[in-house]
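The sequence and the model are shown below.

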Amino acid sequence: MATVNTSDTINAGEHVFIKMPSDNVKCIVLKPNSSVSLGKFGTFKANDIIGRAWGNTYEIYDRDNKTRIYHLDEINEIEETENNNREIVDDGSSQKLTLDQIKALKSEGLKGELTGEEIVNKLKESHATFDKKTAYSQAKYLQKKGKKFHKTFTPIKPTTYSVNEYYYIKNPAKIRDIRMDTLSQLLSYSNVHAGCKLLVVDDTQGMIVSALAERMGGQGTILGLYDGDNPHYDILKYMNFNQETLDTVKVLSWLRIHRPADEKTPDELQDVTKLTGKDLEGYHRRLKAYTIVEESRKILFEANFDGLIIASQYQPESILEKLLPYVRGSRPVVVYHPAKEALLETSTWMRKCPDLLAPQLTESWLRKSQVLPGRTHPEMSTWGTGGSLLTATKVIDQPVQAALTKRERIAMEKKNAEAKKLKRALEEEGESMGSSPTVEEETEEAERAAKRAKQE
């Protein structure tokens, strides 16, 4: 019997996105033996979905807030009729139920005495002009009322797409307005793959770092440089990564790149043999923090990064000047910014930089479309900008050697080492035996002697 991957099921303690009938999304931490409130859509018990598969839609029913899988109606093509909307006046008089009666239906729905579908049917039956509407208007009416009264929800697994969509709708400034289509292009331009080594400056609350970690799947290294005392990678916690994936993400503050001359190790500051209790715990915390910084410094100074990705609030040129030497040749350099104008100056700088090749500035554009049988069309409202990307390629420092195979490169290095060794031996032999003056040296000495005699 095949084992079930825990990432395919909902587990206790994980972050879960709950999509409600109104299309609003709520982020929760799923705690066992607890209840989750969805406002007017009811309350459900966390234990009812723990261990279940992601993506199922559940309906809240009964007074005890029980849940069951809700099967959505099949989407069929609508058959047009001779009805039209010419005689329909949208003044509220078509609905025979009073406001108090509708509120009573809502109250019964919250108590579990009526399902959302039963409430929608009552509204439909009491609507005087429902049968006079076109088939499309009827479908739109039922969908609109369903978003108000259906007590259903869908647990959505946190992924790069779902997390980005959640933040882009709720608070786009927090992720610096980077939209999913722009983020996908960034991943493509960066050539992200398992086992690669990336240098990242991410001011999008960890949106880019999370996307890179998800794509690499726990294999490789991501070094994130941040401003301040602590990294602001809040989005990482929403992704439910395992420890193996989290260990691939290393961080280093700009302030700690170079070690101060007077910096001392925790062992130099205190004698660990004399520490006890809280003092010993504090020592171990400081030692752990010091070890993390030293490990990140080592990764940075080893260089040989497979790519450089920048999404910073600061001017990109100043960052590129500092970090380009750490990137290997023939590797991508990608810069993101919410405004295209901010990258124009950086693009000019890149064209003058001898270390970068073929800079290109792009701006993505995206518009959602409704896809239904017979009703496929672009949506009337759309998003604003999703940001711009500036891409280039780091030039290989030694193109001749880089074009050689590993065996040819080793042979060339061995030959050069032997040549240097032979040259050094000849120089040492010449110094020990002495050398006779050349003709040019004798001529110069004679001219200097004649000049001294003339002056005397």
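## Pairing of strand β16

Strand β13 (residues 356-363) runs antiparallel to β16, and six bridges join the two. Within this pairing, Q360 has T391 of β16 as its bridge partner. Two strands are taken to pair if DSSP finds at least two bridges between them. Helices (H or I, at least four residues) and strands (E, at least two) are DSSP runs, numbered from the N terminus.

Strand β16 itself spans residues 388-394, and six of its seven residues are buried, so the strand is largely enclosed by the rest of the structure. Buried denotes under 20% relative accessible area, exposed over 50%, and partly exposed the range in between (1.4 Å probe, protein chains only).

## Basis of the model

The model is predicted: local features need pLDDT of at least 70 and side-chain atom pairs count only at pLDDT 80 or more, whereas totals for chains, interfaces and linings use all residues. Residues are numbered from 1 along each chain as its sequence is written, and side-chain values use heavy atoms, with hydrogens and water left out.

## Salt bridges

Side chains of opposite charge can pair when their charged atoms come close. A salt bridge is counted where a side-chain nitrogen of Lys or Arg is within 4 Å of a carboxyl oxygen of Asp or Glu, and by this rule there are eleven salt bridges. Among them is the pair E302 and K197, with the closest N and O atoms 3.9 Å apart. E302 belongs to helix α9 (residues 277-302) and K197 to strand β8 (residues 197-202), so this pair ties together parts that are 105 residues apart in sequence. E302 is partly exposed at 42% relative accessible area, while K197 is buried at 16%.

The salt bridge between D181 and R179 has an N to O distance of 2.7 Å. Both partners are buried, D181 at 14% relative accessibility and R179 at 2%. E59 and R68 also form a salt bridge, at 3.2 Å from N to O; E59 is buried at 9%, and R68 is partly exposed at 37%.

## Surroundings of Q95

Q95 is located in the loop between β6 (66-69) and α1 (99-111), and its relative accessibility of 18% places Q95 in the buried class. The side chain of Q95 reaches the backbone nitrogen of L97 at 3.3 Å. A polar atom of the Q95 side chain also lies 3.3 Å from the backbone oxygen of L123.

With neighbours within four places in sequence left aside, Q95 is in contact (heavy atoms within 4.5 Å) with I102, L123, S126, H127 and Y141.

## Positive phi angles in loops

Most residues other than glycine have a negative phi. N33, which is not a glycine, has a positive phi of about 60 degrees. N33 is placed in the loop between β2 (25-29) and β3 (35-37) and is exposed, with 69% relative accessibility.

R176, also not a glycine, has a positive phi of about 55 degrees. R176 is found in the loop between α4 (160-170) and α5 (180-189). With 16% relative accessibility, R176 is buried.

Note on methods: Polar contact = N/O pair within 3.5 Å; in protein donor to acceptor, adjacent residues only side chain to side chain.
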